[in-house]
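I opened this entry to keep track of what I looked up, one topic at a time.

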Amino acid sequence: MTQTYISEIAKHLGEEVTIKGWLYNKRSSGKLGFLEIRDGSGMIQGVVSKKDVSDETWENSEKVTQESSIIVGGVPREHPKRPGVYEMDISRLEVVSIAQEYPITPKEHGVEFLMDHRHLWLRSRRQHAILRVRHEIIKAVRDFFDNNGFTLCDTPIFTPAACEGTTTLFEVDYFDEKAYLTQSGQLYNEATAAAFGKVYCFGPTFRAEKSKTRRHLTEFWMVEPEVAYAKLDDVMSLAEQFISYIVARVLENRKDELAQLERDTGKLESIVPPFPRLQYDEAVKILQEGHAKGEIEHQFEWGGDLGSPDETYLSGRYDKPVMVHRYPAAVKAFYMEPDPERPDLALCVDVLAPEGYGEVIGGGERSSSLEYLLKQIKAHDLPEEAFGWYLDLRKYGSVPHGGFGMGIERAVSWICGLEHVRETIPFPRMLNRLKP
Ligand code: 4AD
Ligand code: MG
């Protein structure tokens, strides 16, 4: 019999169908069995009645254990009291494989235990909802750029030099040379932007982050647009359009998943342009006032980079993402264009997601000056020979340009309303987590 997916069940009410899946949960009362069946596309409750089925099917229904693989035949119908919810009267139940005692039971488990069983944990309702939202976000990301004239130009993963500072590099042997896993595709984006005008790259990026926080992974997926002739203001407009678009897409297409996650969708509905823009100087004032009022523990000094608690405090004050721009050049990457009015500031922007989530996007305008970049490469103690090709971009038709990077996992965490990024990717990689 051909297989019907549970997600398509509404089209087959009253017909005999076959579902191929796994047993999620089971209850029985005497001569009735209630089997919750999942097939990857959804879940449905099957009802098996001893008097209506063969002895074999009844015995199978009694012996199946949680997560056993099963093939079930029956007739789906709408739940008598809950419209949009479907049930199925089971007429056949075939066992494909009986599962051993399943480690994840409906009782509560600790996070480390669940992380150790991530390969199985992925089968649960909540993980399903999160990863479906992730899928929607990634699709929305691609649609946004594809529909706005951007060309996808993928960038390498083995790189000869650092993009985002030398302290978080993963070094690998590359035959007789040293290479690093990429921290960002940006430098290569700058080359492809000069070739195609508007480009984006999307792929895994790596940072040897030694800190254990709820925002940091060592391997994460980043989407990075880059636009020739874009100034900082253009980068900020692009960022707010982009974020608003993906939030709207998730609201439109992933209602059930957001409900499963008990996400307050009202908070997401207010994510529309324009977003507040806050110059770093003003952000510092707010943080210092916060300290004076006893709302933040430490005193923030002008000149420092914003830490997680600072971002949490700032972003908690807005119901939309806030765009903090013009940080001190000294705390930012070597390639940033200095503000012509205040060369100690970089023309950069961090977008901080609301509800205390903090940075989801980092970007800005890149320096188009060969002389300035040479100076910066020296000042940051970077190997000049590895940047020869990058400097060529300033020798042959240099233009102002800019872009940003958004970490997919940070976006998923915020949009789903999660506590930690570890649930936003199927197999997270963190300081103490390389398995499974
Ligand atoms: O702010 P970052 O370091 O910016 C760049 O890498 C630029 N070269 C991007 C560009 O302009 N093309 O990183 C960008 C984003 C952050 O805002 C955050 O969302 C995410 O990448 N990110 C991380 N996500 C998870 N774990 C980490 N360790 C992350 N580090 C950065
Ligand atoms: Mg950043």
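**Domains.** I started with the domain assignment, which gives domain 1 (6–97) and domain 2 (119–424). The model I am reading is a predicted one. I looked up how far apart the two domains sit, and their C-alpha centres are 46 Å apart. For contacts, I noted that 7 residues of domain 1 touch 5 residues of domain 2. Between the two domains about 520 Å² is buried, and carbon and sulfur atoms give 38% of that area.

**Salt bridges.** I then turned to the whole model, where the count comes to 33 salt bridges. In general, side chains of opposite charge can pair when their charged atoms come close.

I looked at Glu-16 and Arg-92, whose closest N and O atoms are 3.3 Å apart. Glu-16 lies in the segment before strand E1 (17–29) and Arg-92 in strand E5 (residues 86–97), so this pair ties together parts 76 residues apart in sequence. Glu-16 is partly exposed at 38% relative accessibility, and Arg-92 is partly exposed at 31%.

Next I checked Arg-433 and Asp-116, which meet in a salt bridge of 2.8 Å, N to O. Arg-433 is in the segment after helix H13 (408–416) and Asp-116 is in helix H2 (residues 111–116), 317 residues apart. Is Arg-433 buried or exposed? Its relative accessible area is 9%, under the 20% cut-off, so I put Arg-433 down as buried. Asp-116, at 43%, counts as partly exposed.

My last pair was Asp-233 and Arg-277, at 3.1 Å, N to O. Asp-233 is in helix H6 (residues 232–253) and Arg-277 in strand E12, so the pair ties together parts 44 residues apart in sequence. I also wrote down a network: Glu-136, Lys-139, Asp-143, Arg-249, Arg-254 and Glu-257 are joined by salt bridges that share partners.

**Helix H9.** I checked the length of H9 (residues 280–292): at 1.5 Å a residue, its 13 residues should span 18 Å, and its end C-alpha atoms are 18 Å apart, which agrees. Its buried residues are Tyr-280, Ala-283, Val-284, Ile-286, Leu-287 and Gly-290. Seen down the axis, these fall within an arc of 160°, so they line one face of H9. They pack against strand E12 (277–279), helix H10 (308–315) and strand E13 (322–325). On the face turned away from the buried side I found the exposed residues Lys-285 and Ala-292.

Key. Residues numbered from 1 in each chain as written. Chains lettered and ligands numbered in written order. Predicted model: local features only at pLDDT ≥ 70, side-chain atom pairs only at ≥ 80, totals over all residues. Heavy atoms only, no water. Helix = DSSP H or I, 4+ residues; strand = E, 2+ residues; numbered from the N terminus. Expected span 1.5 Å × (residues − 1). Buried < 20%, exposed > 50% of the residue type's maximum accessible area, 1.4 Å probe, protein only. Arc of directions from axis to C-beta. Contact = heavy atoms within 4.5 Å. Domains from an automatic or database assignment. Buried area = accessible area lost by both parts, 1.4 Å probe. Salt bridge = Lys/Arg side-chain N within 4 Å of Asp/Glu carboxyl O.
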